[in-house]
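Hello,

Here is the structure I said I would pass on. My notes follow below it.

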Amino acid sequence: MSRIILGLDPSLTCTGWGVIRADGTRLSHVANGQFPTSPKTPMAQRLAELHAGIAAVIAAHRPDRAACEEVFVNENPRSTLKLAQARGAVLTACGGAGLPVNEHAARLVKKAIVGTGGADKKQVAAMVKVLLPGATIAGADAADALAAAIADAHLTPRY
């Protein structure tokens, strides 16, 4: 049974997204991209842009579910708050579409992709390219989103 999984890497500065198809253990790339927002734009508008962008991705690719890393606490409380607001906008787009979302710890996603929970962004991006050969990846945030989708395909029981 084929499943379409939307991976999400929410951020106020640049939210990454990636869509994969999982046929059993076989994975294939469908699409990926990034939604940057300008720090000069008012917060409410930035969040609306993220929401609209993810809603459009969901409408275009009709995923069966989404996957997102759990929120983590930064040393800077303002950064954590901005991340939480971006996640809220992105997850609201999923909820509005009736799309279930699986949340995974960042270390678990990295371990599923690279083999170690302490992997850096470059290691994750390199393994995503290996796991999805031929895919052109829009950037580091899109690679992280694809990693969330790939990890979800391996970590979530089949349905």
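Which residue just after H2 takes a positive phi? Gly98 does, with a phi of about 70°.

The model is predicted, with local features needing pLDDT of at least 70, side-chain atom pairs counting only at pLDDT 80 or more, and totals for chains, interfaces and linings using all residues. Residues are numbered from 1 along each chain as its sequence is written, and side-chain values use heavy atoms, leaving out hydrogens and water.

Helices (H or I, at least four residues) and strands (E, at least two) are DSSP runs, numbered from the N terminus.

Helix H2 covers residues 77–96. Its 20 residues reach 28 Å from first C-alpha to last, close to the 28 Å expected at 1.5 Å a residue (1.5 Å times one less than the number of residues). At the N-terminal end, Asn76 caps H2, with a side-chain oxygen 2.8 Å from the backbone nitrogen of Arg78. Buried residues (under 20% relative accessible area, 1.4 Å probe, protein chains only) in H2 include Leu83, Arg87 and Val90. Among the elements covering the buried residues of H2 are helix H1 (43–61) and strand S1 (2–9).

Helices H3 (residues 106–114) and H5 (residues 140–155) have axes that come within 9 Å and cross at roughly 80°. H3 and H5 are therefore roughly perpendicular (65 to 115 degrees; axes are lines fitted to C-alpha atoms over the stretch in contact). Contact means heavy atoms within 4.5 Å, and residues that meet include Leu108 in H3 and Ala147 in H5. By class, this contact of H3 with H5 has nine nonpolar, no polar and no charged residues.

Regards

Definitions and conventions: Axes fitted to C-alpha atoms, helices over the stretch in contact; angles between N-to-C directions. Parallel < 35°, antiparallel > 145°, perpendicular 65-115°, else oblique. Nonpolar A, V, L, I, M, F, W, Y, C, P; charged D, E, K, R; others polar. Buried < 20%, exposed > 50% of the residue type's maximum accessible area, 1.4 Å probe, protein only. Polar contact = N/O pair within 3.5 Å; in protein donor to acceptor, adjacent residues only side chain to side chain.
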